[in-house]
Amino acid sequence: MLGLKLVTDPKWVTIVESNIEEILTDHAWCEQKAATNAITMITYNSELEDLVTELLEIAREEVEHFQMVHNIIKERGLTLGRERKDNYVNELFKFLKKDGSRTDALIDRLLFSAMIEARSCERFKTLSENIQDEKLAKFYKDLMISEAGHYTTFLTLARKYGKSRESVDDRWKEWIEFEGVLITKYGKEETIHG
């Protein structure tokens, strides 16, 4: 369904399990950034009622996810560390088109967001199927379902507001190809995208 070129090697979960505090902190900040991303798109596109409605829901869910991860951190006697830089997302951001119309910028931002949600969904699936901690396995399975919904929403909105379904799908293929090469550098750190 996600169309990603590469799946995460389950060995990544062994790296994650070596430092649960780090993955949880990184994950919490990923959720915060996802909420901020949705709010930013609303700010720049407030005249698009359907987009505002959908992205308000996503922003709310992402803040809830942030809270859920923070609660797990507290329950385990861990500490929410400082915000982490997400090199994967930063490299994806560089692939955003810098020219074109306001609509073109919106479509690419929606596709950028869909890509992050798709990879997060795939990583959560890998965690849910391979992590030894049963509570975290269930948690990541539930989040995987939510991330899949966000991915679908972003892609649907891009197709709705794009010039044509074909042009959006062509650009999505470019995102898939780019991410397929990019992701080969990751999967070696105890972070959601690392």
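This is a predicted model: local features need pLDDT of at least 70, side-chain atom pairs count only at pLDDT 80 or more; totals for chains, interfaces and linings use all residues.
**Entry 1: a buried pair**

Residues are numbered from 1 along each chain as its sequence is written, and side-chain values use heavy atoms, with hydrogens and water left out.

**Entry 2: ring pairs**

I looked up ring pairs next, taking rings of Phe, Tyr and Trp (its six-membered ring) with centres within 6.5 Å; planes under 30 degrees apart count as stacked, over 60 as edge-to-face and the rest as tilted. By this rule I get nine aromatic pairs. One of them is W29 with F66, tilted, at 5.5 Å centre to centre and 45° between the planes. That pair links distant parts of the chain, with W29 in helix 2 (residues 20–44) and F66 in helix 3 (residues 49–75), 37 residues apart. Helices here are DSSP runs (H or I, at least four residues), numbered from the N terminus.

F95 and W175 also pair, edge-to-face this time, at 4.9 Å centre to centre and 85° between the planes. F95 lies in the loop between helix 4 (87–94) and helix 5 (102–130) and W175 in helix 7 (residues 165–182), so this pair ties together parts 80 residues apart in sequence. Is W175 buried or exposed? W175 is buried, at 0% relative accessible area, while F95 is partly exposed at 22%. Both belong to one aromatic cluster, made up of F93, F95, F112, W175 and F178.

**Entry 3: charges over rings**

I then checked for charges over rings (NZ of Lys or CZ of Arg within 6 Å of the ring centre and within 35 degrees of the ring normal). The charged end of K98 sits over the ring of F93, 5.8 Å from its centre. R123 does this with W12: its charged end is over the ring, 4.6 Å from the centre.

**Entry 4: helix 6**

At the N-terminal end, D133 is the cap: a side-chain oxygen lies 3.0 Å from the backbone nitrogen of K135.

**Entry 5: S113**

What does S113 touch? I found N37, M41 and F154, not counting residues up to four places away in sequence (contact means heavy atoms within 4.5 Å). S113 is in helix 5 and is buried, with a relative accessible area of 3%.

**Entry 6: cysteines**

My search of the whole structure turned up zero disulfides (a disulfide being a pair of cysteine sulfur atoms within 2.5 Å). C30 is in none, and the nearest cysteine sulfur, that of C121, is 14 Å away. C30 counts as buried at 14% relative accessibility, and C121 counts as buried at 6%.

**Entry 7: E75**

Last, I looked at E75, which is in helix 3. E75 is exposed, with a relative accessible area of 55%. How many residues apart in sequence are E75 and R165? They are 90 residues apart in sequence and 46 Å apart in space, C-alpha to C-alpha.

Methods:
Helices (H or I, at least four residues) and strands (E, at least two) are DSSP runs, numbered from the N terminus. Buried means under 20% relative accessible area, exposed over 50%, partly exposed in between (1.4 Å probe, protein chains only). A polar contact is a pair of N or O atoms within 3.5 Å; within protein, one must be able to donate a hydrogen and the other to accept it, and residues adjacent in sequence count only if both atoms are side-chain atoms.
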